[in-house]
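Trainee: Please take one part of this model and go through it closely with me. I want to know who sits next to whom.

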Amino acid sequence: MNKHLSYIIPAIIISSCSTNPYKKSEKEYDSKLRVLKVQMSSKELEPLPIVTKVTINIDSVYSKQLYTFKDSIFKVGSTKLENGIHTEWISTVNFNLRKPNFIIIHHTAQDSLQQTTKTFTKTTSQVSAHYVIADDGHVVQMLNDYLRAWHAGISSWGRNTDINSSSIGIELDNNGVEPFSEAQITSLMALLSKLKKDYNIPTQNIIGHSDIAPSRKKDPSALFPWKTLAENGFGIWKDDVLPLAPLEFNPELALRVIGYNTKNLNAAITAFKLHYMPEEVNAILDQNTLNTIYSIYLKQ
């Protein structure tokens, strides 16, 4: 009997040690998740150049919302598919958080920073943004950059039809009919400088809400200084001397190449002119408009 036990015990030990050949990678997977969880939940202030910062302490609902993602983020169990096959979980160690690739600029169409933050902290509003910038230049961050805000709605840019999942939304405290203040634009450019560097966002991917939703939205308004932003490396702008569009130039195709949804061509032209020709926001496709579209098309 003792002789048989001497064979059985080592076999049991070997078996118990080999039940999970991925134990090491799963440990590293869990460790990375913990780091990313801290990164996503962080609400620490970060310095921006020439910006006076304020914080609004409404964290309980935010934390509760973040907690609802815990199960889907950390789930490592088997999932049954429709054909009866069960998935098997093997943890990879090569992953990180998805990074934003667009920045979408809005104006709030409300009357104060406090009114906007109140709207964004009510579950019934179903709308949010990552940042809100007050008229006096104060910046409020309301969501971690890696998380998905609800600011773009039904929109598209090029082939991307889920802008919320790939963008950072910035709301400017402005009712849509007043000029944007110098302090506000200074803070915006300071924030854009940080975000562009942090996530390597392409210059041409800094656009407006009206660009991605031309049939629905008109923000930021015609008073927004897109040219000033472009001169500082945030977005693109037309040439001072416009090139002459060729006779065979197709403006609808060019607008699609730039990124606009042209299913409603008049709306796309109007949205383009709101961004690049704010002195004449309409759907008229004259030679100057053709040349401007051609100028922006050449920069893609």
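Mentor: The largest nonpolar core has 48 residues. A nonpolar core is a set of buried Ala, Val, Leu, Ile, Met, Phe, Trp, Tyr and Cys residues joined through side-chain atoms within 4.5 Å. Buried means under 20% relative accessible area, with a 1.4 Å probe and protein chains only. Ile170, Leu188, Phe224, Leu229, Tyr260 and Phe272 have the most contacts inside this core. Helix 6, residues 182-199, contributes the most to it, 7 residues. Helices are DSSP runs (H or I, at least four residues), strands likewise (E, at least two), numbered from the N terminus.

The model is predicted: local features need pLDDT of at least 70 and side-chain atom pairs 80 or more, while totals for chains, interfaces and linings use all residues. Residues are numbered from 1 along each chain, and side-chain values use heavy atoms, without hydrogens or water.

Now zoom in on Leu229. Beyond four places in sequence, Leu229 is in contact (heavy atoms within 4.5 Å) with Ile105, Ile185, Leu188, Met189, Leu192, Phe224 and Phe234. Two of these partners, Leu188 and Phe224, are also on the list of residues with the most contacts in the core.

Next, His107. This residue is found in strand 1. His107 is buried, with a relative accessible area of 11%. Among its contacts beyond four places in sequence are Glu171, Leu172, Asn174, Phe180, Lys218, Asp219 and Pro220. In general, nonpolar side chains tend to be buried together in soluble globular proteins.

Note on methods
Buried < 20%, exposed > 50% of the residue type's maximum accessible area, 1.4 Å probe, protein only.
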